[in-house]
Structures are given as C-alpha cells and as structure tokens.
Amino acid sequence: QVQLVESGGGLVQAGGSLRLSCAASGSIFGISDMGWFRQAPGKQRALVAIISSGDSANYADSVKGRFTISRDNAKNTTYLQMNSLKPEDTAVYYCWSTAQAMGAMTSRNYWGQGTQVTVSS
C-alpha cells in the first residue's frame, strides 16, 4: 500500500503565500504522476496542478502564474507553492498520485487526507 500525507495548510491573508507538501510512503514500487486537487464547500473536487515523473506540469487556469508544482523523486514528495493567494483559493487541498505498490500488478490512484487552506480577505 501507498500512503500520501499532506502538510503545510493554514490560514493566510489575501496576497500571502503558503507551501504545501505531500510525501508518499509505504511499499512503493513506482510513482508516476503526482498532483493537487481542491474542494471548496458545496463544490466538486477540482484539479489544481499535476506533474509527471519527468517534471512536466499542468495547471488549472485559475492558478496559472500564481501556483507552482514541483517534486523530489528521491523523497517521493511533491510540493505546491501558492503565491498571491485569493479568498477563492479557500478549500481543502488533496494530494493525489498514481503509483504502483510492491507486489501489485498495476498502478492505481491514491489520495491524501486533505489539508485546509483558508485565505482571508
């Protein structure tokens, strides 16, 4: 099994910055894509950013130019640097990864438990 553990959420004023981290652990054979999703109250979970094992990144239009996703493959960790935060960025942020556990025949999706990000106006 693979576990994803997020950290770095919190309360910040509009215009501020936060950095989220997500570390994968467990019996990992390999990790391909990693990314971040968010879910605001009353809304569906939506993609924020995704990064491939080759460091190719894609972003939701709403965060382009403000958020940066990165990863450290040696640490099985992905980061989300969030700058110029807006109140509409308030949500629970979930780490996501496609990974193959030791002994598994195929990869599957894994999710973290979520971390709250609140941006005050």
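Predicted model: local features only at pLDDT ≥ 70, side-chain atom pairs only at ≥ 80, totals over all residues.

Me: Why is Arg66 called buried?

Reply: Buried means under 20% relative accessible area. Arg66 has 11% relative accessibility, so Arg66 counts as buried.

Me: What makes the pair of Arg66 and Asp89 a salt bridge?

Reply: The test is a side-chain nitrogen of Lys or Arg within 4 Å of a carboxyl oxygen of Asp or Glu. For Arg66 and Asp89 the N to O value is 2.8 Å, so the pair passes. This pair links distant parts of the chain, with Arg66 in the loop between S6 and S7 and Asp89 in the loop between S8 and S9, 23 residues apart.

Me: How do you know that Asp89 also forms a salt bridge with Arg38?

Reply: We use the 4 Å cut-off again. The closest N and O atoms of Asp89 and Arg38 are 2.9 Å apart, so this is a salt bridge too. Here the partners are 51 residues apart, and Arg38 belongs to strand S4. Arg38, Arg66 and Asp89 are therefore linked in a network of salt bridges.

Me: Are Asp89 and Arg38 buried or exposed?

Reply: The limit for buried is under 20%. Asp89 has a relative accessible area of 1%, so Asp89 is buried. Arg38, with 14%, is buried as well.

Me: How many salt bridges does a search of the whole structure find?

Reply: The search finds three. One of them joins Asp61 and Lys64, whose closest N and O atoms are 3.1 Å apart.

Me: Why is Asp61 called exposed?

Reply: Exposed means over 50% relative accessible area. Asp61 has 64% relative accessibility, so Asp61 counts as exposed.

Me: And why is Thr90 called partly exposed?

Reply: That label covers values between the buried limit of 20% and the exposed limit of 50%. Thr90 has 21% relative accessibility, so Thr90 counts as partly exposed. You will find Thr90 in the loop between S8 and S9.

Me: What lies 2.9 Å from a polar atom of the side chain of Thr90?

Reply: That is the backbone nitrogen of Val119. Leaving out residues up to four places away in sequence, Thr90 touches Ala40, Gln116, Val117, Thr118 and Val119.

Me: Why do S1 and S7 count as edges of their sheet?

Reply: The four strands form an open sheet in the order S1-S3-S8-S7, with antiparallel pairing. S1 and S7 each have a single partner strand, so one side of each is left without a neighbour in the sheet.

Me: How do you know that S7 and S8 pair?

Reply: Pairing takes at least two bridges. S7 and S8 have six, in the antiparallel sense, so they qualify. Among the bridge partners are Asp72 and Thr77, the latter in S8.

Me: Which members of the largest nonpolar core touch the most other members?

Reply: The core has 30 residues, and Val2, Trp36, Val48, Phe67, Leu80, Met82 and Tyr93 touch the most other members. Several strands each supply at least two residues, including strand S1 (2-7) and strand S4 (28-39). S9 gives the most to this core, with five residues.

Terms used
Residues numbered from 1 in each chain as written. Heavy atoms only, no water. Core = buried A, V, L, I, M, F, W, Y, C linked by side-chain atoms within 4.5 Å. Buried < 20%, exposed > 50% of the residue type's maximum accessible area, 1.4 Å probe, protein only. Contact = heavy atoms within 4.5 Å. Polar contact = N/O pair within 3.5 Å; in protein donor to acceptor, adjacent residues only side chain to side chain.
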